[in-house]
Amino acid sequence: METTERPLPERVAAAQRHAAETGFAGSCIPEVGRLLTLAAAAKPEGVIAESGTGVGVGTAWLHAGLGANARLVTVEHDPDRAARAAALFPDDPRVEFLVGDWRLLESHAPFDVFFCDGGGKREDPERVVDLLAPGGLLILDDFTPPLTWPPVHDGEIDALRLFYLGHPRLTATEVMTTPGSSAVLATRLP
Ligand SMILES: C[S@@+](CC[C@H](N)C(=O)[O-])C[C@H]1O[C@@H](n2cnc3c(N)ncnc32)[C@H](O)[C@@H]1O
């Protein structure tokens, strides 16, 4: 569990303030954020993508690991949220904000890191896999901890989670991010 004393990257803290001011409760938690920073840093020349910018918390975590030759593209269909997030990055040409449906990301693929957090994950999971580069990392948060196999959500077998964990083009695992939440991490096979 993330301690509240560990300092946050400056832009993450600023984005969290935006989230609090606007009552936006969908931002990723710091435990996931640290994974995002690590994933971005692992691909120093990579194309890093995020679907669902929200107000920029996840974007700021990805940005904290962004290499000098990497680029980060994020998409949000709510223009007010997108504008708030973009205001945090007035000075970094490596970061691009798209406003509209998550499919706008497609022209920037293949992705070396894809934080699929708003659009795609549920609607078109096969397309999400298609958009990954070989060796590309996929991060999906907001799952509930896996207590059984196969995993169950709301009393039903969690077919979406099984899709990602068992996909033949992925090697995937699930990690606990807090005692009450988990994330699926996957890499696309060559
Ligand atoms: C969970 S929040 C994103 C949080 C953000 N990634 C973070 O970690 O701070 C999901 C966001 O995705 C946006 N969204 C949902 N469906 C979308 C779609 N089809 N295309 C673009 N954005 C979408 C929502 O408006 C919302 O702001």
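This is a predicted model: local features need pLDDT of at least 70, side-chain atom pairs count only at pLDDT 80 or more; totals for chains, interfaces and linings use all residues.

Which strands does helix α4 lie across, and at about what angle does it run to β3? I looked: α4 (residues 79-86) lies across β2 and β3, running at about 170 degrees to β3.

I checked α3 next. Helix α3 covers residues 57-64 and lies across β1 (47-51), β2, β3 and β4 (111-116). Its direction is at about 165 degrees to β1. So much for the helices; on to the strands themselves.

**Entry: the sheet**

I traced the strand order and got β3-β2-β1-β4-β5-β9-β8, an open sheet of seven strands with mixed pairing. Which strands stand at the edges? They are β3 (95-99) and β8 (170-178); each has a single partner strand, so one side of each is left without a neighbour in the sheet. From one strand to the next the twist averages 15 degrees.

I then zoomed in on the β3 end. Strand β2 (residues 71-76) pairs with β3 in the parallel sense, over five bridges. For a landmark there I picked Val-73, which stands opposite Glu-96 in β3.

**Entry: salt bridges**

I counted 13 salt bridges in the structure. I followed a few of them by hand.

Arg-103 forms one with Asp-124, with the closest N and O atoms 3.0 Å apart. This pair links distant parts of the chain: Arg-103 is in the loop between β3 and β4, and Asp-124 is in the loop between β4 and α5 (125-130), 21 residues apart. How exposed are the two partners? Arg-103 counts as partly exposed, at 36% relative accessibility. Asp-124 also counts as partly exposed, at 21%, where buried would need under 20%.

Next I took Arg-127 and Glu-106, whose closest N and O atoms are 3.2 Å apart in a salt bridge. Here too the link is between distant parts of the chain, from Arg-127 in helix α5 to Glu-106 in the loop between β3 and β4, 21 residues apart. Arg-127 is partly exposed at 27%, and Glu-106 is partly exposed at 26%.

Arg-127 has another partner on my list: its side chain meets that of Asp-130 in a salt bridge, 3.4 Å from N to O. Why is the separation about one helical turn? Asp-130 and Arg-127 are three residues apart in helix α5, so about one turn lies between them. Asp-130 comes out as partly exposed, at 33% relative accessibility.

The largest pocket holds about 400 Å³ of space. Which of its 29 lining residues are the closest to its centre? I find Gly-52, Glu-76, Asp-117, Gly-118 and Gly-119. I also asked which elements contribute to the lining: α3, β2 and β5 (132-143) each supply at least two residues. Both α3 and β2 were already in my notes, with α3 lying across β2.

Notes. Residues are numbered from 1 along each chain as its sequence is written. Side-chain values use heavy atoms; hydrogens and water are left out. Two strands pair if DSSP finds at least two bridges between them. Helices (H or I, at least four residues) and strands (E, at least two) are DSSP runs, numbered from the N terminus. Axes are lines fitted to C-alpha atoms, for helices over the stretch in contact, and angles run from 0 to 180 degrees between N-to-C directions. Contact means heavy atoms within 4.5 Å. A salt bridge is a side-chain nitrogen of Lys or Arg within 4 Å of a carboxyl oxygen of Asp or Glu. Buried means under 20% relative accessible area, exposed over 50%, partly exposed in between (1.4 Å probe, protein chains only). On a 1 Å grid over the protein atoms alone, a cavity is a set of points where a 1.4 Å probe fits but cannot get out, and a pocket is an open set with protein on both sides within 12 Å along at least five of seven lines; lining residues have an atom within 4 Å of a point. Grid points are joined across faces, edges and corners, and a volume is the space filled by probe spheres set on the points.
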